[in-house]
Number of protein chains: 2
Amino acid sequence: MARRTGRRPGNQDTREAILAAARAAFAEHGYDGASIRAIATGAGVDPALVYHYFGTKDELFLTTVQAPIDPAEMIPALIAAGSVDTLGERLAETFLSVWEHPVSGPAFEALLRRAFANRISARLVREFFAVQVIRRAMRHLSQVVDPAEVPLRANLVASQLFGLAVTRYVLRFEPLASTPRTTVVAAVAPNLQRYLTGRLAAP
Amino acid sequence: MARRTGRRPGNQDTREAILAAARAAFAEHGYDGASIRAIATGAGVDPALVYHYFGTKDELFLTTVQAPIDPAEMIPALIAAGSVDTLGERLAETFLSVWEHPVSGPAFEALLRRAFANRISARLVREFFAVQVIRRAMRHLSQVVDPAEVPLRANLVASQLFGLAVTRYVLRFEPLASTPRTTVVAAVAPNLQRYLTGRLAAP
């Protein structure tokens, strides 16, 4: 990629202006609908400067959402680490580890709090989940279950994991908040597994 | 109950002063530790005035939390309506109905938003759940499962239901947000049932 010099290059203000324009564009038009060209125009800079600061559109989106994890790395790693029949357990273990990590935990909590407080942030999180998580889940689960069911399955998994985060880490319900992680993983994993590969509706 | 005249009787300010004192007392000392006498002192009124305005300590607590439902009515009704083996389904159906109701839905969402934004509100919700929900669940589930497990089971049920509220109603993840309620109930009910009466740990 050619690194052209745009307006106010190297300036922290430029980076912030790009982020603000990207935030607005992703929230309003979605990931697919927001072009780097339009974001650059919104920020008053050359498109090359957007690439210079943020690499790819995916990376810009991750930065905009302030996501504590990168699903592009995490999802393939989770899938590759074992059988799809034990994916629920790996998912629970990984999710709780991220929340209990001293850096990614607070980042995750801040993300959730922003999404609660602010409609734009809520839209960004929704779009992030739809693009970064569901599309990747489609790729990996469509061989195992009916592809038409994958988006709802991913949402149901999110409902359990987000709810676990809210009750264990944000509201700190007891005894859940002080239950050892292994016990929580054992309790939650079969439910996640059912959402991932089990039968969703009554026969 | 004798209706004695306290300071500033009949005044809206008095009611608000009692509520503020109750909020502070319940958040700091918990439901059991907060006495009506101490709340009255905090509000600068006679204890009889607290009973006059709010009836019982339970009712005062419900008002303080601004709870959209009264677990004292809802939990026994849910239990009485059928077999404990189908309690998960009734619970899912009732919870989603409350959220989709034009009055209790927004009240529930406001409660969750307050709990996210404010530590005192979070403590009140935690205490509300511990006292109003877990204690009643203990009474009804202790014949069916190990009583020592009931508090964690109730927390796990809450984790799924709160997560459903967050993803379906607050963040509005798709396709979950636009999936018909009956489909969501069918998908979620077996997971709630496992938390209620199933085996929690791997054998």
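Let me start at one residue: B:Gln66 sits in the loop between α4 (57–65) and α5 of chain B. Helices here are DSSP runs of H or I with at least four residues, strands are runs of E with at least two, and both are numbered from the N terminus. B:Gln66 has a positive phi of about 55° although it is not a glycine. Most residues other than glycine have a negative phi, and most peptide bonds are trans. B:Gln66 counts as partly exposed, because it has 17 C-beta neighbours inside 10 Å. For that term, a residue is buried if 20 or more other C-beta atoms lie within 10 Å of its own, exposed if 12 or fewer, and partly exposed in between, with C-beta atoms placed from the backbone.

Some housekeeping before I go on. This is a predicted model, in which local features need pLDDT of at least 70 and side-chain atom pairs count only at pLDDT 80 or more, while totals for chains, interfaces and linings use all residues. Residues are numbered from 1 along each chain as its sequence is written, and chains are lettered from A and ligands numbered from 1 in the order in which they are written.

Now chain A as a whole. It has 10 helices and 0 strands. The C-alpha trace spans about 55 × 40 × 30 Å along its principal axes. Of the 203 residues of chain A, 38% count as buried. Among contacts in chain A with a separation of 6 or more, 66% are between residues 24 or more positions apart. Two residues are in contact if their C-beta atoms, placed from the backbone, lie within 7 Å.

Next, the domains. Chain A is assigned domain 1 (12–64) and domain 2 (71–197); such bounds come from an automatic or database domain assignment. The C-alpha centres of these two domains of chain A lie 27 Å apart. Between them, 7 residues of domain 1 of chain A are in contact with 6 residues of domain 2 of chain A. On the domain 1 side, α1 (12–33) and α4 (57–65) of chain A each supply at least two residues. The largest share of that side, 5 residues, comes from α1(A). By class, that side has 3 nonpolar, 2 polar and 2 charged residues. Nonpolar covers Ala, Val, Leu, Ile, Met, Phe, Trp, Tyr, Cys and Pro; charged covers Asp, Glu, Lys and Arg; the others, Gly among them, are polar.

How do the two chains meet? The contact takes 37 residues from chain A and 38 residues from chain B. On the chain A side, the elements giving two or more residues are α7 (104–117), α8 (119–141), α9 (150–170) and α10 (181–197) of chain A. The most comes from α9(A), with 13 residues. The chain A side divides into 25 nonpolar, 7 polar and 5 charged residues.

The same surface serves both copies, since 100% of the contact residues of chain A recur in chain B.

One helix in more detail: α6 (residues 87–100) of chain B. It has 14 residues and reaches 20 Å from its first C-alpha to its last, close to the 20 Å expected at 1.5 Å a residue. The expected span is 1.5 Å times one less than the number of residues. Which residues of α6(B) are buried? They are B:Leu87, B:Gly88, B:Leu91, B:Ala92, B:Phe95, B:Leu96 and B:Trp99. These cover an arc of only 155° around the axis, so they are on the same side of α6(B). The arc is that of the directions from the helix axis to the C-beta atoms. The buried residues of α6(B) pack against α5 (71–80), α7, α9 (150–170) and α10 (181–197) of chain B.

Phi of A:Arg172 is near 55°, a positive value in a residue other than glycine. A cis peptide bond joins A:Glu174 and A:Pro175, with omega about 10°. In chain B, a cis peptide bond joins B:Glu174 and B:Pro175, again with omega about 10°.
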